[in-house]
Amino acid sequence: RKRVAVFISGGGSNMLSLADACAAEDFPAEVVAVVSDKATAGGIAKAVARGLKTLVLERKDFAGKAEHEAAILAALDEIQPDIICLAGYMRLISGDFISRYEGRMLNIHPSLLPLFAGLHTHQRAIDAGMKIAGCSVHFVTEGMDEGPIVAQGVVPLLPEDTADTLAARVLTVEHRLYPLALKLLAEGKVRMENGKAVRATESPADVAL
Ligand code: GAR
């Protein structure tokens, strides 16, 4: 089973969906650590309650971004993860860090990338008059939310939606999509090649999530 470190900054519901999937004996990955840059992240308490190893490394405890990342990398050297899943980790990771885990780092973003990268995705989708919304799991590269797309999930965007109601609907699909994408990567059924995510043909269609 592939060893997975999950990075969070907040509630950690995606982290839990990954941990739940990994709890199944036939799942090809296991969560070996939950890393947070926020001591107050709700996901940390949830991870502790699950008996998962947690590591809290707050940016403010380090002189700069480089020192913060060096501390995280040093902690990861102990844990030896095969894969890193960013799950609501709200910090841009440097190219140096990413190159250490190239092709082995995933992120989930709550929009149909390449639309609405960055913050306030749901309000921007509403303001654009979109009739569908969704989420994307992508390989992490240096550009924010720009890496090759591994898998996507779709939901309707309803006329009465607010950013909050839309976020909640998208989140339910995130919880199904991220374990699916992690499974693909852990089984070697998706890889990053020439700036694209290449998936094995037998991969399930995302729309049939
Ligand atoms: C999720 O919707 C995730 O897609 C989003 O933050 C939320 C975290 O929720 N990530 C981003 O916006 C990254 N740019 P969670 O902590 O309950 O998983």
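1. In which strand is H109 found? This is a predicted model, and in it H109 is found in strand β5, residues 105-109. An unreviewed UniProt entry lists H109 under "active site", so please keep in mind that such annotations may be inferred rather than shown by experiment.

2. Is H109 buried or exposed? H109 has a relative accessible area of 5%, and it counts as buried because that value is under 20%. Leaving aside neighbours within four places in sequence, H109 is in contact with F116, A117, G118, T121, C135, S136 and D145.

3. The loop between β5 and α5 (121-127) deserves a look; P114 lies there, and the peptide bond from L113 to P114 is cis, with omega near 10°. F116 is in this loop too, with a positive phi near 60°, and is buried at 15% relative accessibility. H120, also in the loop between β5 and α5, has a positive phi near 55° but is exposed at 63%. I mention these values because most residues other than glycine have a negative phi, and most peptide bonds are trans.

4. Now to S9, in the loop between β1 (2-8) and α1 (13-23). S9 is buried, at 13% relative accessibility. Its side chain makes a polar contact with the side chain of D37 at 2.7 Å, and the S9 side chain also reaches the backbone nitrogen of M90 at 2.9 Å. Not counting residues up to four places away in sequence, S9 touches S36, D37, K38, A41, G88, Y89 and M90.

Conventions: Residues numbered from 1 in each chain as written. Predicted model: local features only at pLDDT ≥ 70, side-chain atom pairs only at ≥ 80, totals over all residues. Heavy atoms only, no water. Helix = DSSP H or I, 4+ residues; strand = E, 2+ residues; numbered from the N terminus. Buried < 20%, exposed > 50% of the residue type's maximum accessible area, 1.4 Å probe, protein only. Contact = heavy atoms within 4.5 Å. Polar contact = N/O pair within 3.5 Å; in protein donor to acceptor, adjacent residues only side chain to side chain.
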